[in-house]
Amino acid sequence: MSHINDKDVRHVAKLARLALPEEEIAKYQGQLERILGHISELKNKNTDNVPAMSHPFEVGNVMRDDVAKRFENLPGLYKNAPEMEETFYKVKKVIE
Amino acid sequence: MDALHQKSAREIADGVNGKKFSAKEVATSSLTAIKKLNGQTNAYLTILEKEALVQAEAVDKKIASGANGGRLAGVPVALKDNLMLTGARTTCASKILGDYMAPYDAFVVKKMKDEGAVFMGKTNLDEFAMGSSTENSAFGPTRNPWDLARIPGGSSGGSAVAVATRTVPIALGSDTGGSIRQPASLCGVLGMKPTYGRVSRYGVVAFASSLDQIGPFTHNVEDMALALEVISGQDAADSTSVNEPVPDYSAELTKGVKGLRVGIPKEYFVEGMDPEVKTAVMLAADTLHELGAEVKPISLPNSDAALAVYYILAPSEASSNLARFDGMRYGFRTPGAVNLIEQYGLNRRDGFGPEVKRRIMIGTYALSSGYYDAFYSKAQKVRTLIKRDFDAAFAQVDLILTPVSPTPAFKLGEKVDDPLTMYLSDICTIPCNLAGIPGISVPCGLSSGDLPIGVQFYANLFQDQTLIRAAAAYLKATNWHKKIPALN
């Protein structure tokens, strides 16, 4: 399960929205194969009837009133925008 | 006599509150040291000269008006550059956030501000806290002050060096798999990862949300207790922060370790471990024994799987957390894209460095269709086994004692082309994050090459005070934490 070919690397890069240059595909392929080879050793651990853990201790939902709060420092947000028009973020066309 | 900024945080706060010296004098003294050393260490990415002096003057004014300046009155503090400080550049050592100015304060920053701390600068890190050497920074590596040809550890390398060179008494870092404890060990200072949920993560740029925790670096244990008291506590903005009373850490400083049960897990003395590290760590165990602790061998049988579990879970969470960096509302944008999808791909190709891309791809792969069960789900189950190992161990002991890093600081460039070998640097620190328990690194020796060695203590969930208790007793009996690199 740890054999990674260049097609896999291209697929994963596409899913992750990384436009990898062609010369980097082979480099990442070798590195990912080695790393995934190491981590696939986990299959030797018996986990029958072991629950999955996503948090260090039991937590429940934390509820609060559904009240909108204004973020005061709007100029601080706008300052970081790569491109703006008035108070709108300018991006490429979303629907072709 | 020590320069003002080289005193402990407690001495500085007392002196400033008692008007023996001013916050401005301390800040000026710290800034002089930072500017003198930074050309050699590259510990700071941003030096907040103007802002620090303004803050310091405000503290002095408050005290002049008759008010108390706070528990950190005039104390110079350095922040890892993945922590938000309003108006300060916050880069995560990444080109993608190269010009990002924080629009709000992290919870821990606000808590420290309220106590009169003065922020001197933002420190270097491995890009997005991914690394063990601070070489993965888009702004050049940080160098170890004990030997400038060597790495300071990572990812919070800049914060470790800031304290090791005594430019500040307290620096904050973040720890996802050892990123506070490992650099603390390699630079000869104290570094602690509190229990998960003990400190709010609001305002630290997320890497792996189920593992990340913010913690302090200090050069003495009294300041560690003080820093923890200030930054701990529940926060409505982080639903994983817990509603548990913050212990009086300072009260632990004089308790001693008599009767404390200490376990040494045989699995942590891994193959390839430097014999000098092993000797120094075992001597630390002997010291605790002489101080009245009961030391015994224990076993954490699933430790061998921790690295693999970590390198599935952390990249998986990172691939999701880092999806937000798309160059739309903020961040780097590559010119010339023809459509939105291409724009995303180019921004991320040009904005992220190689290690970040590598981890995003590992995580995306582990979460992708057909591999989810074999990787992600399997890793979550083995994480349970590792947690159960600790549950069993803490039924027998109060404290676990281990090495921090298998070797002292290695040379710059030595492991940079070999990611897997680099990952092995964290083999002794990762299990702590997987189990959520607290861990501290404390100086316990110098190698024959004059490089610092650290010993790690683990305690059970929400027993952070046990770490302070043990560290205080150990440091009282030893002098390793008082060794300072010539570069200071």
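Chain B of this predicted model contains 15 helices and 11 strands, where helices (H or I, at least four residues) and strands (E, at least two) are DSSP runs numbered from the N terminus. The radius of gyration of chain B is 21 Å, close to the 23 Å that the globule rule gives for 488 residues, so chain B is as compact as a globular protein of that length. The radius is taken over C-alpha atoms, and the globule rule is 2.2 Å times the number of residues to the power 0.38. The C-alpha trace of chain B spans about 65 × 55 × 45 Å along its principal axes. Of its 488 residues, 68% count as buried, a class defined by under 20% relative accessible area, with exposed meaning over 50% and partly exposed in between (1.4 Å probe, protein chains only). Contacts (heavy atoms within 4.5 Å) with a separation of 6 or more in chain B are accounted for to 75% by residues 24 or more positions apart. The accessible surface of chain B amounts to about 15400 Å², and 51% of it belongs to carbon and sulfur atoms; areas come from the Shrake-Rupley method with a 1.4 Å probe, and for residues only the protein chains shown count as cover.

Residues are numbered from 1 along each chain as its sequence is written, and chains are lettered from A and ligands numbered from 1 in the order in which they are written. Local features need pLDDT of at least 70 and side-chain atom pairs count only at pLDDT 80 or more, whereas totals for chains, interfaces and linings use all residues; side-chain values use heavy atoms, with hydrogens and water left out.

Chain A has 3 helices and 2 strands, in the order α-α-α-β-β from the N terminus. Its radius of gyration is 22 Å, well over the 12 Å that the globule rule gives for 96 residues, so chain A is more spread out than a compact globule. The C-alpha trace of chain A spans about 55 × 45 × 25 Å along its principal axes, and 29% of the 96 residues count as buried. Among contacts in chain A between residues at least 6 apart in sequence, 38% join residues at least 24 apart. Chain A exposes about 7200 Å², with carbon and sulfur atoms supplying 50% of this area.

Within chain B, strand E7 (residues 261–265) has 4 of its 5 residues buried. Strand pairing requires at least two bridges found by DSSP. E7(B) runs parallel to strand E8 (residues 294–298) of chain B and is joined to E8(B) by 5 bridges. The chain passes from E7(B) through helix H8 (residues 275–290) to E8(B) in a right-handed β-α-β crossover, that is, with the strands pointing away from the viewer, the path from the first strand over the helix to the second runs clockwise. E7(B) also pairs in the parallel sense with strand E9 (residues 399–403) of chain B, over 2 bridges. B:Gly263 has bridge partners in both strands: B:Lys296 in E8(B) and B:Ile400 in E9(B).

Strand E10 (residues 439–446) of chain B has 7 of its 8 residues buried. E10(B) pairs in the antiparallel sense with E5(B) over 3 bridges, B:Ser441 being the bridge partner of B:Gly191. Antiparallel pairing also links E10(B) to strand E11 (residues 452–458) of chain B over 7 bridges, with B:Leu446 opposite B:Pro452. The hairpin of E10(B) and E11(B) has 5 residues between the strands, and B:Asp450 there takes a positive phi near 65 degrees.

The buried residues of helix H4 (residues 107–114) of chain B are B:Phe107, B:Val108, B:Val109 and B:Met112. These pack against several elements of chain B, including strand E2 (76–80), strand E3 (118–123) and helix H7 (221–231). B:Gly116, which follows H4(B), has a positive phi near 90 degrees.

Two individual side chains were examined. B:Tyr196 lies in the loop between strand E5 (190–193) and strand E6 (213–218) of chain B and is buried, with a relative accessible area of 1%. Beyond its neighbours within four places in sequence, the contacts of B:Tyr196 include A:His55, A:Pro56 and A:Phe57, together with B:Thr240, B:Gly436 and B:Phe462. A polar atom of the B:Tyr196 side chain lies 2.7 Å from the backbone oxygen of B:Ser209.

B:His5, in the segment before helix H1 (9–17) of chain B, counts as buried at 5% relative accessibility. Its side chain makes a polar contact with the side chain of B:Ser29 (2.6 Å); such a contact is a pair of N or O atoms within 3.5 Å where, within protein, one must be able to donate a hydrogen and the other to accept it, and residues adjacent in sequence count only if both atoms are side-chain atoms.
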